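These are my notebook entries from a reading of one structure, kept in the order in which I looked things up. I wrote them for someone who has not seen it before.

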Amino acid sequence: MKKTLFSLLALVVIASLSLAACGPAATQGPAATQAPAAVTLKVLVHQNPPMVAFMEAFNKTFQEKHPNITVDMSVVNAGDLSTVSQTRLAANDVDVVDIFGFANAAQPYMKKVDAPNWQQLIEAGLLMDLTDQAFVKNYDEATIKDAGSYNGKVYAINLGRVSYSGIYYNKDLFAANNVKVPTTWSELVAACEAFKAANIPCMTAGGKDGWPIFVGAYGLIGAIYPDQAGLVEGLWNGTIKWNDARSLEMWTKMQIYVRDMIEPGASGIPGDGAPGRFASGVVAMFPGGTWYAAAIDEAKPEFEWGYIPFPGSDNPEDNKYLFGKYDQGWAVAANTPNKEAALLYLTEFSEPANYQAFANAVGFIPTQPTAKLETRIGAEVAPYLANFRVGYEQYWIAPKGAGQFANPWATYFKPYGTDDDPQALADKVQADLQAGLDAVK
Amino acid sequence: MNYHFGRGWARWMPFLLLLPGLAAYFVIALGPSLATAVYSFTDASGLKGAPVRWVGFDNYQEFLFMGRASVDNLNALGRTLVFCFFVTVIQFGLGLLVAVILNQNLKGRNIFRTLYFMPVILGAVIQGLIWSLFLYPLGGPLAKLLELFGMRSEFLGGQPAEAFAWVIVVQIWANMGTTMIIFLSGLQTISTEYYEAARIDGASPWQVFANVTWPLLTPSVNTNLTLNIIGSLQAWQLFLVLLGYRNGTQVLGYLIYATGFGQTSGSVTSSFRQGYAAAASIVLFLLVLVIGTVVQNILRRREARILG
């Protein structure tokens, strides 16, 4: 037995040596071309079906062009992106990360607040400085400055702006029920009453994820406080209160929004299920972000829909704004062992043709100056783009010690929360905020 | 003197054999626990390379005494105790009941044992998915049932108290199988002679249970109570999967996770605050320690009194 094993081992060794001798020598001379080393590029993105579909197609093309690079893309829910980015960057287990546009850093009037997570990542040295990369110049300067820079250096390229204060509406249902597309709050209330009378749910939302319901009400905040950065500063310095007369109007409307407009049961619909629910044609409206447009079209390409700013005021002039944020971006892990491949990936992604295809697929408002709004949602938002404003949550950092109700969320009202009195809720929200402001004095 | 392991170097064998286990315990359990205690006095973000500063008791002061947030934290602590109470009492009672029933000579009892135990082997994500579908408010099975009575509910997305109650239900469903199996194994160690003797003495089924089964189940009772209490005090995954971070539903375990990983404000830019989360962890640890020690003490005394 021992002898047989020994013979077998010897045979394997001889065969290996012979094969090695026949193969190309790695150091044959300067004329020989070295095959590029195999690289697995780890990419992390958040769940957004049309974006993921586009990235899968892009990755396939990229891999075909660069056979030595394998793209290993992971997809996580948007809410988990910061957590997973943190752990994987710390473990040096990712090369390219999807990162939301940098919201404003802590402002001078904000006392004793913690830095936002993107700033923490940069200060920990976990994101690569991209300032000198040629592909950065493909994006417009304002975007690079507002959504990807910190302390004069570029750490992310942002891929698009999105609006989240609009409403998709079902054109066929509006026509069939003889309902006018609302441009004021009163018209919106009347439209919902008309649909409810016809036994048609007025609005749907992906309430299972929580935020899609209150995101829909950004138009209500925006109609009352069009200057969202000013709102945040006012809340911090006490010139605006969540229980003053203007805010009370907002809370009253928010109650109507969640109680009378959103369809019962919406809290069970997952965020990525809501576009399908709307596209099914059974609901008249869908308050939500522009990023849903591609999913609606994919669910039912022939479906006729339009998109309007949420009419939160009875003065049409107050309803001309679209509030939103800088959405997905790319950053590179500072300690990546695959720096060249990671930068190549971003270079090719940023090529105008690829970026245009991305913007078309995802429906983002482009951040490359050469890109055009070729999508259906692009055409819908084009009239309002001059009035695009960054929304409240992008500026807001809560003071330490503030209570959990210190936000303008419609979901505090029944049936999702416990409140049914706008004044009582407004007082509670302001008290929770004031406790934090007092604590950091 | 006689040595079990002989003399000379062999005397060190027990310690050498213990070493791998001790090393694993230190690296996996004790080390991180001690590190958490140290981290709780820092402003660590959990990011590799980020500066870590010593902040003394600031995190504890903020967690327990700063503004309305501290009141919310204490409410979460209270909610944790409520969750622990209901889960422990109901899971313990149901587990015992099912174990006693399935210990009888019933047809198909193995199938039922498997069915009751099955949720235990599913992960929290699968458990959450199953219940999210069951409680889907737009035409899910329970919504349809309520419709028959002219009622409706948002279930998990509804008012915090109702959503919280549903997590208690799911927690019990998910873990009752373990309680049942421990009781079943305890029941099977009780000699049938005791039951025969009791029956000969004319004891009723209740008297048999109260005077034979219950006292002799003491080791299983102790194990189950301890596991149920500690498990429910530390619960957080089902809250994450079923509810997410919602006002009025957080328990301490989930609050720690959400704080440590920047998921508290609903904003995508929330800070990573692992030093602060570590302080909250220590508060939870102390809670588990105090309750666990008191319960263990009571149970040990009871065991000594009953079994001698």
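Predicted model: local features only at pLDDT ≥ 70, side-chain atom pairs only at ≥ 80, totals over all residues.

**Entry 1**

Which residue of β13(A) is the bridge partner of A:Phe323? I found that the partner is A:Arg389.

I then placed this pair in its sheet, which is open, has 3 strands in the order β7-β11-β13 of chain A, and shows mixed pairing. The edges are held by β7 (161–163) and β13 of chain A, and because each has a single partner strand, one side of each is left without a neighbour in the sheet.

**Entry 1: the five-stranded sheet of chain A**

Next I turned to another open sheet of chain A, in which 5 strands follow the order β2-β1-β3-β12-β6 with mixed pairing. Its edge strands are β2 (69–76) and β6 of chain A, each of which pairs on one side only.

I went through the pairings one by one. Strand β1 (residues 39–46) runs parallel to β3(A), with 2 bridges joining them, and there A:Val43 has A:Val96 as its bridge partner. Strand β3 (residues 96–98) of chain A runs antiparallel to β12(A) and is joined to that strand by 3 bridges; here I found A:Asp98 opposite A:Trp330. Strand β6 (residues 157–158) of chain A is also antiparallel to β12(A), over 2 bridges, and A:Ile157 has A:Trp330 as its bridge partner.

Helix α2(A) lies across β1 and β2 of chain A and runs at about 170 degrees to β2(A). Helix α14 (residues 339–349) of chain A packs on the sheet and touches β1, β2, β3, β6 and β12 of chain A, with a direction that makes about 50 degrees with that of β1(A).

**Entry 2: chain A and its domains**

Stepping back, I counted 18 helices and 13 strands in chain A, and I noted that 50% of its 441 residues count as buried. The C-alpha trace of the chain spans about 90 × 55 × 55 Å along its principal axes.

The domain assignment gives domain 1 (39–162 + 325–390) and domain 2 (166–320 + 398–439) for chain A, and their C-alpha centres lie 28 Å apart. How many residues of each domain are in contact with the other? I found 23 residues of domain 1 against 19 residues of domain 2. On the domain 1 side, α16(A) gives the most, with 4 residues, and by class that side has 13 nonpolar, 5 polar and 5 charged residues.

I then looked at the contact between the chains, which takes 46 residues from chain A and 39 residues from chain B. The side of chain B that touches chain A receives the most from helix α3 (residues 67–102), with 5 residues, and its classes are 13 nonpolar, 18 polar and 8 charged residues.

The largest nonpolar core holds 192 residues, and among the members that touch the most others are A:Tyr168, A:Met254, B:Val167 and B:Leu242. Helix α7 (residues 160–188) of chain B supplies the largest share, 13 residues. Leaving out residues up to four places away in sequence, I found B:Val167 touching B:Leu238, B:Phe239, B:Leu242 and B:Leu243.

Last, I looked up B:Thr293, which is found in helix α13 (residues 274–307) of chain B. Why does B:Thr293 count as exposed? The reason is that B:Thr293 has 10 C-beta neighbours inside 10 Å, and a residue counts as exposed if the number is 12 or fewer.

How values were computed:
Residues numbered from 1 in each chain as written. Chains lettered and ligands numbered in written order. Contact = placed C-beta atoms within 7 Å. Nonpolar A, V, L, I, M, F, W, Y, C, P; charged D, E, K, R; others polar. Pairing = 2+ DSSP bridges. Buried ≥ 20, exposed ≤ 12 C-beta atoms within 10 Å, placed from the backbone. Core = buried A, V, L, I, M, F, W, Y, C linked by C-beta atoms within 7 Å. Domains from an automatic or database assignment. Axes fitted to C-alpha atoms, helices over the stretch in contact; angles between N-to-C directions.
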